Amino acid sequence: MAKKEGSNMNNDSERPSIIVGVENGTAIPKSATPLFNGIEEEQIPVAVREIDIDNVVSRAYQSALASRLSVGIAFDGDHFIVHYKNLKEDKPLFDETISDSKQLRILGANAARLVKGIPFKEMVNR
């Protein structure tokens, strides 16, 4: 799983990555693991950064602005947002409520595919 930015282990805070924004002091729940797996299976780096904004859409947008790859993700429970820095803040690319691990993995892969510029995987059972 992605490491939290700012730790001294292999300090790669300058490495281009998709940024997953979490509120200060928030841990990544185990249920979010498929999201990270989907990103990593597309071979795109991902990092977690604390972005202390309550609104999940705004947090995803700020994550996209902070990402050198221009893609940010934020979530609140099972509500997941994937944002791209060139979109309007209130118009995220994906705004999904997902509790299925397979769908969450596809969402992660699609965030990575945005970076790669290749077609998205189809979200099924919507």
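Let me start with a term: a polar contact is a pair of N or O atoms within 3.5 Å, where, within protein, one must be able to donate a hydrogen and the other to accept it, and residues adjacent in sequence count only if both atoms are side-chain atoms. With that in hand, look at H83: a polar atom of its side chain lies 3.5 Å from the backbone oxygen of K88.

Before going on, the caveats. This is a predicted model, so to speak of local features we need pLDDT of at least 70, and side-chain atom pairs count only at pLDDT 80 or more, while totals for chains, interfaces and linings use all residues. Numbering runs from 1 along each chain as its sequence is written, and side-chain values use heavy atoms, with hydrogens and water left out.

Back to H83. It sits in strand β4; helices (H or I, at least four residues) and strands (E, at least two) are DSSP runs, numbered from the N terminus. H83 is buried, at 0% relative accessibility. Buried here means under 20% relative accessible area, exposed means over 50%, and partly exposed is in between, with a 1.4 Å probe and protein chains only. Contact means heavy atoms within 4.5 Å. Setting aside neighbours within four places in sequence, H83 has contacts that include V57, A60, Y61 and A64, and also K88 and L93.

How much of α2 is buried? Eight of its eleven residues are, and V57, A60, Y61 and A64 are among them. The buried residues of α2 pack against β1 (18–22), β3 (71–76) and β4 (79–84). At the N-terminal end, N55 is the cap: one of its side-chain oxygens is 2.9 Å from the backbone nitrogen of V57.

Now α1, residues 33–41. Its buried residues are T33, P34, L35, F36, G38 and I39, and their cover includes β1, β2 (46–50), β3, β4 and α3.

S17 is another one to click on. You'll find S17 in the segment before β1, buried at 4% relative accessible area. A polar atom of the S17 side chain lies 3.1 Å from the backbone oxygen of R15. Not counting residues up to four places away in sequence, S17 touches P45, V46, A47, S67, R68 and L69.

On to the aromatics. Ring pairs of Phe, Tyr and Trp (its six-membered ring) need centres within 6.5 Å; planes under 30 degrees apart are stacked, over 60 edge-to-face, and the rest tilted. How many aromatic pairs does the whole structure hold? The search finds two. One of them is F94 with F120, edge-to-face, at 5.2 Å centre to centre and 70° between the planes. F94 is in strand β5 (residues 94–97) and F120 in the segment after α3, so the pair ties together parts 26 residues apart in sequence. F94 is buried, at 11% relative accessible area, whereas F120 is partly exposed, at 38%.
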